[in-house]
Each structure stands twice: as C-alpha cells, then as structure tokens.
Amino acid sequence: ENGKTVMKNVLYPRLKGTQLVVPRIRTYVDCVYDLTAAFPDPDNRPGLTNLVLGSPARVDFFLRRIPASEIPEDEEEVGQMCVDMFEEKDKLLDEYNLCGRFPGAIEVPIRPSRYSCCVELVFL
C-alpha cells in the first residue's frame with residue numbers, strides 16, 4: 001500500500017529518526033551492526049516467564065557488519081538503505097521459517113553465566 005512493499009515477517013521501518021541520526025554518526029563509529037532475531041519455537045519465546053521459571057528459550061541471530069563508509073550521507077538514501085535492509089530481513093526470515101536456520105549460519109552456543117543471571121534479576 002502507498003507504493004510500499006508489504007512484508008510479512010517484519011514491520012515497515014520507522015525512518016525519521018534513522019534518517020536524522022545515521023548520517024551524523026558516520027564520523028563517530030567505524031560500523032553499524034544489523035541484527036535479525038528469530039525464534040525457532042513460537043511457543044517458547046523469551047520473556048519474563050522463562051526467566052522466572054528458569055526455562056531457557058532459544059533465539060537465533062543473524063548479524064551483519066556494515067562499514068561506516070557504506071552508509072550514505074544523504075537522508076533520503078539512508079531511508080532507502082533502511083527499507084532495503086528490512087526487505088532483506090523479511091526474505092531472511094522467510095528462509096529461516098522454511099529451513100529452520102539462517103543461510104550460511106554458524107552455530108555458536110552461548111551458555112548463561114551466573115553473572116548474566118544476576119544482571120537479569122537486577123532488571124526485574
């Protein structure tokens with residue numbers, strides 16, 4: 001609608017803040033990270049209940065590093081880059097939902113430490 005691509009796995013990105021901030025941070029950062037999260041078990045998504053009950057929930061991530069040199073300076077171009085990235089995320093999640101993993105995925109299991117549990121409890 002309104003000439004925008006309809007995405008089924010992600011919401012259409014909110015662009016105003018992104019368009020204002022991203023071109024200005026190019027001089028302060030080396031890169032920006034694009035993170036896509038997927039939940040393999042829709043009945044066991046992470047949340048407060050999982051934390052309280054101590055039941056782990058699996059989350060898979062797809063992480064991409066974008067060098068600052070590849071970030072456009074023009075606000076409109078940044079907006080288009082953001083829309084393009086969300087369209088890519090939508091396709092990634094389509095593939096994830098079909099195959100159960102991200103393309104080219106490398107599994108890195110992360111075990112929670114006592115410290116991370118303490119940090120989580122502080123935020124309760």
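Predicted model: local features only at pLDDT ≥ 70, side-chain atom pairs only at ≥ 80, totals over all residues.

Colleague: OK. What does Lys8 form a salt bridge with?

Modeller: Asp94, with the closest N and O atoms 3.6 Å apart. That pair links distant parts of the chain, 86 residues apart: Lys8 sits in the segment before H1 and Asp94 in helix H3. Helices (H or I, at least four residues) and strands (E, at least two) are DSSP runs, numbered from the N terminus.

Colleague: Is Lys8 buried or exposed?

Modeller: Lys8 counts as exposed because its relative accessibility is 66%. The cut-offs are under 20% relative accessible area for buried and over 50% for exposed, with partly exposed in between (1.4 Å probe, protein chains only). Asp94, at 25%, counts as partly exposed.

Colleague: And Lys89, where is that found?

Modeller: In helix H3, residues 75-99. Its side chain meets that of Asp34 in a salt bridge, 2.5 Å from N to O. Asp34 is in strand S1, 55 residues away from Lys89.

Colleague: Why does Lys89 count as buried?

Modeller: Because its relative accessible area is 7%. Asp34 is buried as well.

Colleague: What else is Lys89 in contact with?

Modeller: Leaving aside neighbours within four places in sequence, Lys89 touches Val10, Leu35 and Thr36 as well as Asp34. Contact means heavy atoms within 4.5 Å. There's also a network of salt bridges, which links Asp34, Arg64, Glu88 and Lys89.

Colleague: Switching to helix H1, which residues are buried there?

Modeller: Gln19, Val22 and Pro23, within a helix that runs over residues 16-25. They're on the same side of H1, because they cover an arc of only 90° around the axis. That arc is taken over the directions from the helix axis to the C-beta atoms. H3 is included in what covers them.

Colleague: Which residue of H1 does Glu75 pair with?

Modeller: Arg24, through a salt bridge with the closest N and O atoms 3.4 Å apart. Glu75 is in helix H3, 51 residues from Arg24.

Key. Residues numbered from 1 in each chain as written. Heavy atoms only, no water. Salt bridge = Lys/Arg side-chain N within 4 Å of Asp/Glu carboxyl O.
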